[in-house]
Each structure stands twice: as structure tokens, then as C-alpha cells.
Amino acid sequence: MSIKKFSTEATPPIEFGSDAATATARLTTNAAALTADNVAELAAICDTTTDAATRAEHGRDWWPLSLAWSLKNEVPQLPGVVCRPTSTDEVSRLLAYCNQHGIAVTASGGRSGVCGAAIPLRAGVSLDMTRMQGLESVDEISGIVETLAGTFGPDLEDAVRTYGLTIGHYPQSFALATVGGWVACRGAGQYSTRYGKIEDMVHALEAVLADGTIIRTGGAPAGAVGPDLSQLLLGSEGTLAVITRVWLRAHPLPEVERRGAYVFASLTDGFEACRRLIRAGATPAVLRLYDGAESKRSHGGDGTNATLLVLDEGNEQLVDATMAIVHDTCMSMGATVGDSDLVEKWTHHRNDTSGLQALTRKGYVVDTMEVAANWADLDNVVENIESAMLAVPHARSSTCHLSHSYIEGACVYFTFAATPPAEEFESTYLAMWDAGQRAALASGANLSHHHGIGYSRGQYMEEALGSAMTVLRTVKKALDPNSILNPGKLGL
Ligand SMILES: Cc1cc2nc3c(=O)[nH]c(=O)nc-3n(C[C@H](O)[C@H](O)[C@H](O)COP(=O)(O)OP(=O)(O)OC[C@H]3O[C@@H](n4cnc5c(N)ncnc54)[C@H](O)[C@@H]3O)c2cc1C
């Protein structure tokens with residue numbers, strides 16, 4: 001299988017202000033330099049480069065602040081080297097060496113994270129996993145596929161489909177992100193209401209610990225063999241282990257697909273319809289409810305009506321029953337049937353983020369923030385987050401859609417913008433985030449539904465986890481006593 005970085009449909013990351021090879025580090029993060037001996041020893045283990053442009057690319061991800069810095073030819077931090085292993089054995093030998101010499105190792109996949117998780121804060125090694133690509137085996141009877149961690153979404157799905165199977169995991173960054181990154185960040189795809197989040201899809205993992213020990217977790221449909229160690233690594237963002245191989249649960253390719261759109265008088269009515277239909281047991285793959293402003297922007301409307309887009313796929317009888325429950329529930333909530341083209345249009349532009357990038361180039365503050373909350377709290381969460389963000393000086397907008405639903409609640413996804421003077425760009429960006437995250441936590445939402453914590457959200461971890469943060473610290477200390485694995489992330 002060839003190494004594929006970005007599919008043609010994916011928006012590429014924002015360009016550097018000038019030659020990437022001259023990019024400088026923006027953050028002062030206690031970065032330790034590598035010696036010539038270190039570089040030579042690493043090069044003896046796997047492909048290793050000190051090329052300046054490659055190091056600059058690995059010094060940033062899609063964290064919007066770092067994309068804005070790129071325009072000034074700055075990256076958050078520059079790794080000393082970029083290492084590209086091709087096997088679990090190379091990862092194991094590399095980690096054992098770095099552990100012995102106290103060298104920081106930050107795993108990276110597609111570097112599509114939006115919270116700075118793959119930034120090599122303490123320099124050292126950027127461990128680029130994208131040479132470990134490909135589908136390794138398929139158990140067609142059980143529906144389990146084994147893939148290397150650096151495989152990109154389209155490559156995996158294309159390969160799996162030749163067996164009449166689908167993973168059903170389609171994040172907006174499908175073409176930009178790797179399986180290892182999905183697992184490390186507890187990602188969610190746009191079809192998650194039918195197929196689940198990535199943590200529901202993982203059957204087993206192979207991972208390498210900081211000292212080079214290779215472990216396997218999971219491997220059965222369910223278990224009671226102590227705490228679930230796969231779940232410990234899911235969401236660990238490269239701080240507890242490097243994931244090298246993933247076994248995923250696959251589904252038969254869908255027989256049919258059905259679509260529908262509904263318009264509600266308010267977002268609150270739409271939330272209630274989603275709550276009722278989900279609690280009735282209908283789980284359409286896509287269930288996305290846009291507030292008035294987002295509906296107007298993308299689907300037309302008067303700025304107050306909320307638009308619900310629904311798509312389901314799978315077994316014909318199940319899908320038809322699901323869509324019937326959706327329809328009846330929406331009608332009972334006073335909705336009108338929306339334009340049948342709306343879902344079609346969404347499927348075409350759903351992964352296009354070029355509009356947000358154009359605003360970044362113009363100097364706008366623009367970003368997104370996603371949190372999950374229980375149905376009982378959802379209205380309050382949205383109101384509090386939006387009013388907190390809009391109270392920040394220079395804020396222009398804060399809009400929201402419901403993107404993923406569960407039996408007890410949902411993920412709400414905010415897009416916010418501000419137009420500060422250039423000298424207040426960064427302080428305005430940080431203030432809007434701070435206002436939004438603190439309002440989320442104060443209203444009963446969590447810190448993140450699927451983008452993860454990375455660097456930018458680390459400061460809120462203590463407040464989000466409370467005394468349970470001690471558990472995370474203790475696990476980190478036990479598994480990575482020299483703190484070489486992605487130091488400075490997850491609030492650790
Ligand atoms: C336009 C856009 C849209 C997005 N939409 C979605 C979405 O719909 N759903 C969603 O969930 N996310 C979304 N994201 C966020 C991002 O794509 C995900 O977090 C993704 O899972 C990251 O994968 P990656 O391979 O790019 O990882 P990276 O960004 O390279 O790394 C992210 C973190 O994972 C760790 N990591 C990566 N690989 C490994 C490994 N093999 N072992 C251990 N740790 C590892 C890194 O150290 C880092 O901490 C979006 C991002 C962008 C830019």
C-alpha cells in the first residue's frame with residue numbers, strides 16, 4: 001500500500017509565511033537539544049532526519065493558533081529529529097533508547113489534531129508513525145480488521161470495502177488523520193450514532209510502553225479480566241504508550257441508505273426531538289441539528305429555525321424502521337419536512353474547511369469547541385457557553401450544532417469568531433476559549449467530546465477531573481517514570 005498523506009478532497013494545512021526550513025520555535029518549553037551521538041544512534045534504529053523543513057512541519061498541527069503562527073513562519077516547537085519507524089520492533093528499540101537517555105518522544109500521525117497534541121513540546125523526537133501503514137489481516141467471519149497505526153482513513157476504508165465490510169468511522173478529518181490518532185484522541189466520526197465512537201470500535205491494540213515493552217490489550221468481544229486496558233490507552237494522546245497496531249470491529253457494507261431533513265421552530269425543539277427518537281431506540285447514522293445561524297449559513301432559513309439532517313444506512317428493514325421513528329418524532333414536535341437536497345449538499349461539503357482557513361488568513365480569530373452534556377443540561381450548556389464567549393471583547397459570533405447523540409445526552413459543537421486588532425489576536429483567541437471551557441464545565445458539560453486535550457486544553461484538566469486527576473498522574477508515573485512520552489500534554 002502506498003504512503004498517502006492527504007486525499008484530494010482534504011483541505012491541506014495552512015501554508016508557511018515563507019520557507020518552512022527557516023521556521024522558528026514560538027514557545028519556550030524547556031526543550032533539550034540532542035547530541036550528534038543521539039542522532040546517530042536513532043538513525044541506526046530507523047529512518048531519521050534533521051531536515052529543517054521536515055522538522056518544522058512536525059513542529060505544528062492543526063491547532064488554530066499554530067496555524068496562525070505558521071503565517072509568520074513560526075511553529076510552536078521544533079523537534080530535534082523526525083524518526084519514521086516501519087515496524088513495532090523499531091518503535092520498541094527507539095523507545096528503549098530514548099527512555100535510557102531521557103529523550104522526549106512525541107508520536108504523530110496525520111498531525112490533524114486541533115489542540116496541539118502532536119506538538120513536540122520538549123523537542124527531542126517527533127515519532128512519525130505514517131510509515132507503518134496498511135491493512136494486515138481480515139477475519140471475515142467475525143468482522144475484525146487488523147491495521148497498522150499509521151494508516152490514513154481513506155486507505156483503510158478502501159481496503160476494508162474490498163471484503164464487503166466498512167468501519168463506519170468518518171471524522172471530518174478522515175483524509176488527514178490516522179488510525180493511531182483516532183485511537184489516541186478518542187475520536188468520533190460523522191456516522192457515530194450508528195457505528196459508535198472509536199472507543200466502541202476497537203477490538204484489540206498492540207502498543208509499546210516507554211521502556212520498549214510491547215503489549216497487547218483486548219482481543220475478545222467483551223471481558224471481565226480486570227479493568228479494560230484498551231480503554232486506558234484510548235484517549236491517552238501518546239502520553240502512556242505508542243500504539244502500533246489496531247484491530248477494529250467492521251460491519252457489513254450497508255444495503256440501503258435513506259436521508260431526511262426537518263425544520264424546527266427552535267434549537268430547543270430540535271434537541272427534544274433528538275432526545276425522544278434516540279431514547280425510543282432509533283439510532284440513524286447521522287443526526288445533526290443546526291441552530292438558526294448555522295442553518296441560515298448552510299441551509300437557508302430565517303436565522304431562528306433549526307435544521308435537522310438525518311442519514312441512515314444498513315439493513316433495509318432496520319433503516320426504514322429507524323427513519324419512520326425519526327419522521328414521526330419530528331412531526332410530533334411540530335417540525336416541517338425540509339428540502340430533500342439538504343443532506344445531499346451536506347455530503348458534498350462536509351469535509352471542506354477552506355472557509356475557516358480563509359478567515360484565519362484574514363486575521364480573524366476562528367475556531368471550534370465541542371463538549372458533551374446530558375439531555376437535561378443541554379439547553380443551559382449552549383446558552384451559557386455562547387453568552388460567555390460573546391461577552392469577550394471583539395467576539396463576533398458563537399454558533400452551535402448537535403453532532404453526535406447518545407441515550408443520555410449529546411455532543412454540542414460550537415464555531416466561534418472574533419475580529420480583534422492584530423495586537424490582540426492571541427489574547428482574544430485565548431479569552432474566548434477560556435470563557436467557553438469554563439462555562440461548559442460550570443454548566444455540567446465535559447471538557448471535550450472528541451478533539452481531545454492536547455496542549456491547549458491541558459490547563460483545564462484538573463478542574464475537569466477533580467481528585468481523579470491523581471489517578472491519571474499515578475498511571476503516567478508508573479508507565480512512563482522518566483516522562484519521555486509526549487511530555488506536557490493531557491495536563492500532565
Ligand atoms: C479539519 C479537521 C476536522 C476534524 N474533524 C474531526 C472529527 O470529525 N472527529 C474527530 O474525532 N476529530 C476531528 N479532528 C481532529 C483530529 O483529526 C483527530 O483528533 C484525529 O484523530 C487525530 O489523528 P492524527 O493521526 O492526525 O493524530 P495527530 O494529530 O498526529 O496526533 C494526535 C495525538 O495522538 C497521538 N498519536 C498519534 N498517533 C499515535 C500513535 N500511533 N500512538 C500513540 N499516540 C499517537 C499524538 O501524540 C497526539 O497526542 C479534525 C481535525 C481537523 C483539522
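## Confidence in the model

pLDDT is the predictor's confidence in each residue, on a scale from 0 to 100. This is a predicted model, in which local features need pLDDT of at least 70, side-chain atom pairs count only at pLDDT 80 or more, and totals for chains, interfaces and linings use all residues. Residues are numbered from 1 along each chain as its sequence is written.

The chain has a mean pLDDT of 95, with 98% of its residues at 70 or more. Residues 1-8 stay under 50. For this stretch the model has 13 contacts beyond four places in sequence, a contact being two residues whose C-beta atoms, placed from the backbone, lie within 7 Å. Where pLDDT is low, the predicted coordinates should not be read in detail.

## Two arginines to look at

Arginine 111 has a positive phi, near 55°, although it is not a glycine. You will find arginine 111 in the loop between β5 (105-108) and β6 (125-128); strands are DSSP runs of E, at least two residues, and helices runs of H or I, at least four, numbered from the N terminus. Arginine 111 is buried, with 24 C-beta neighbours inside 10 Å (buried: 20 or more other C-beta atoms within 10 Å of its own, placed from the backbone).

Arginine 186 also has a positive phi near 55°, and lies in the loop between α6 (179-185) and α7 (192-195). Arginine 186 is buried too, with 21 other C-beta atoms within 10 Å.

## Around the ligand

The ligand is surrounded by 38 residues, counted when the C-beta atom, placed from the backbone, lies within 6 Å of it. Gly109, Gly180, Gly181, Gly187 and Gly238 are the closest. α6 gives the most to this shell, with five residues.

Terms used: A residue is buried if 20 or more other C-beta atoms lie within 10 Å of its own, exposed if 12 or fewer, and partly exposed in between; C-beta atoms are placed from the backbone.
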